[in-house]
2 protein chains.
Amino acid sequence: MAGLPESEVTVKERVRIGGRSARIQNAVHDAVRKLGALSTRNQITVPQIAAEAGVTPSTIYRRWGDLSALLADVAVARLRPIADPDDTGAVETDLRAFIEQYAEEMSSPVGQALMRDVLSALNQGLPSACAGFTCDHLTTLNARAKARGETPFDIDEVIDHVVAPIIYRALFSDQMPTLDYCNRLIDRIYPPARKRRTAS
Amino acid sequence: MAGLPESEVTVKERVRIGGRSARIQNAVHDAVRKLGALSTRNQITVPQIAAEAGVTPSTIYRRWGDLSALLADVAVARLRPIADPDDTGAVETDLRAFIEQYAEEMSSPVGQALMRDVLSALNQGLPSACAGFTCDHLTTLNARAKARGETPFDIDEVIDHVVAPIIYRALFSDQMPTLDYCNRLIDRIYPPARKRRTAS
DNA sequence: ATTCTTAACGCAAAATATTTGCATTAAGGT
DNA sequence: ACCTTAATGCAAATATTTTGCGTTAAGAAT
């Protein structure tokens, strides 16, 4: 429950890590999550968040700058992985399982909202940080594969031809990707054994 | 009744298309483009736009609702195609030329800003409309191909494996896609004749 | 062409949100 | 325990957004 993953070694922070600061950040993040959850992204406002968190609005403005920066900060915190992908015993099934869960999360209304929040913050490199999370997960799968003696996949190829189509459709169309669709994308990385490239 | 050459049959609009309304919409759109161009998307505000356009802020609020809706409206207007893709004489070179220009536009700072503006508008189906523009262009290329007797490409495949990677990298990384990168993506649709899958 | 109806606009006041100055609190170091 | 200073709370100042109401002009009817 001590939510902050600010492990004490990362003292490179330019902001104070101490008790009060962290307490306020948690309160504000919780308030954003709570309000964002029940109000389905209907004009959530800074004074609202401040009241819910029990802080003054000026604190939020000073720490985060504006609403979109705060929403983006909360979004990356929620997008940041808390656990490694499931270990299914083989790299191909690992990848399929991970992509299935990833597609589900990102295509859901909350996932779409999180991505929009991250993309709206134009100041820092938050979008590329989120892309880094995905890359990290794929790297983890590959490390497992190597440990098992399997040949790893090409991460860039998975990003370009599996992750990117899923995200593109999640952002620019409003239809959830089916499990079948995800598996067809992965078939390009791991072609089905029996069939050749029967592209219809 | 002298002035406007408005086609009289398309009266299906639910908003007035007459002189003043259109004049104000143009003035506001021009103001957004002008301010957005010089200020590199640094906190542009509704009163600023209103002053530049010579209208009162309340008009903007009443017509568009809020700033993000206005920015999204301007963005789709700018993203909407004004001309068909260049005709290079063959479908493969048509596709390569179109994708090169598309990648250049979308990866530029202004293209990224336009996409963010469109994605920020959660009310209507603006994002899917923009995806429709791309789809329309690809359909045009295919229609040309058929007219020439060429075999058309698979539009969904181009969207998933050429367009989507370009957009994903434009949104989530900050590196422009090289022409070489785009061509390698299209090589999956039109494999190079001489070389086999020399992935190195 | 004139009149009628009404959507869209301008204006100004009210409500709300954001910024800023200053006093106070508490974190981290001496 | 003391010192330094980043971070906060409070409240005033400023800016933005909303709203009521009178006016303008577009589109239809006469």
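**Reading helices, faces and cores**

Mentor: Let us start with a helix face: the buried residues of helix 9 of chain A pack against helix 5 (91-107) and helix 8 (155-172) of chain A together with helix 8 (155-172) of chain B. Please keep in mind that this is a predicted model, in which local features need pLDDT of at least 70 and side-chain atom pairs count only at pLDDT 80 or more, while totals for chains, interfaces and linings use all residues. Residues are numbered from 1 along each chain as its sequence is written, chains are lettered from A and ligands numbered from 1 in the order in which they are written, and side-chain values use heavy atoms, with hydrogens and water left out.

Trainee: Which residues of helix 9 of chain A are buried?

Mentor: Buried means under 20% relative accessible area, exposed over 50%, and partly exposed in between, with a 1.4 Å probe and protein chains only. In helix 9 (residues 179-186) of chain A, the buried residues are Tyr181(A), Cys182(A), Leu185(A) and Ile186(A). They span an arc of only 140° around the axis, which places them on the same side of helix 9 of chain A; the arc is that of the directions from the helix axis to the C-beta atoms.

Trainee: What does helix 2 of chain B pack against through its buried residues?

Mentor: Helices here are DSSP runs (H or I, at least four residues; strands are E, at least two), numbered from the N terminus. Val46(B), Ile49(B), Ala50(B) and Ala53(B) are buried in helix 2 (residues 46-53) of chain B, and because they fall within an arc of 100° when seen down the axis, they line one face of the helix. These buried residues pack against helix 1, helix 3 (57-64) and helix 4 of chain B. After helix 2 of chain B comes Gly54(B), with a positive phi near 75°.

Trainee: How do I read the crossing of helix 4 of chain B and helix 7 of chain B: at what angle do the axes cross?

Mentor: Axes are lines fitted to C-alpha atoms, for helices over the stretch in contact, and angles run from 0 to 180 degrees between N-to-C directions. Angles under 35 degrees count as roughly parallel, over 145 as roughly antiparallel, 65 to 115 as roughly perpendicular and the rest as oblique. The axes of helix 4 (residues 67-79) of chain B and helix 7 (residues 126-148) of chain B come within 10 Å and cross at roughly 10°, which makes the two helices roughly parallel. Ala72(B), Val76(B) and Leu79(B) of helix 4 of chain B make the contact (heavy atoms within 4.5 Å) with Leu126(B), Cys130(B) and Phe133(B) of helix 7 of chain B.

Trainee: And at what angle do helix 5 of chain B and helix 6 of chain B cross?

Mentor: The axes of helix 5 (residues 91-107) of chain B and helix 6 (residues 109-120) of chain B cross at roughly 75° and come within 4 Å, so these helices are roughly perpendicular to each other.

Trainee: Is His137(B) buried or exposed?

Mentor: His137(B), in helix 7 of chain B, counts as buried at 15% relative accessibility. Leaving aside neighbours within four places in sequence, His137(B) is in contact with Pro81(B), Ala83(B), Pro85(B) and Phe98(B). By contrast, Ala37(B), in helix 1 (residues 19-38) of chain B, is exposed, with a relative accessible area of 61%.

Trainee: Which residues touch the most other members of the largest nonpolar core?

Mentor: In soluble globular proteins, nonpolar side chains tend to be buried together. Among the 84 residues of the largest nonpolar core, Phe153(A) and Phe153(B) touch the most other members; such a core is a set of buried Ala, Val, Leu, Ile, Met, Phe, Trp, Tyr and Cys residues joined through side-chain atoms within 4.5 Å.
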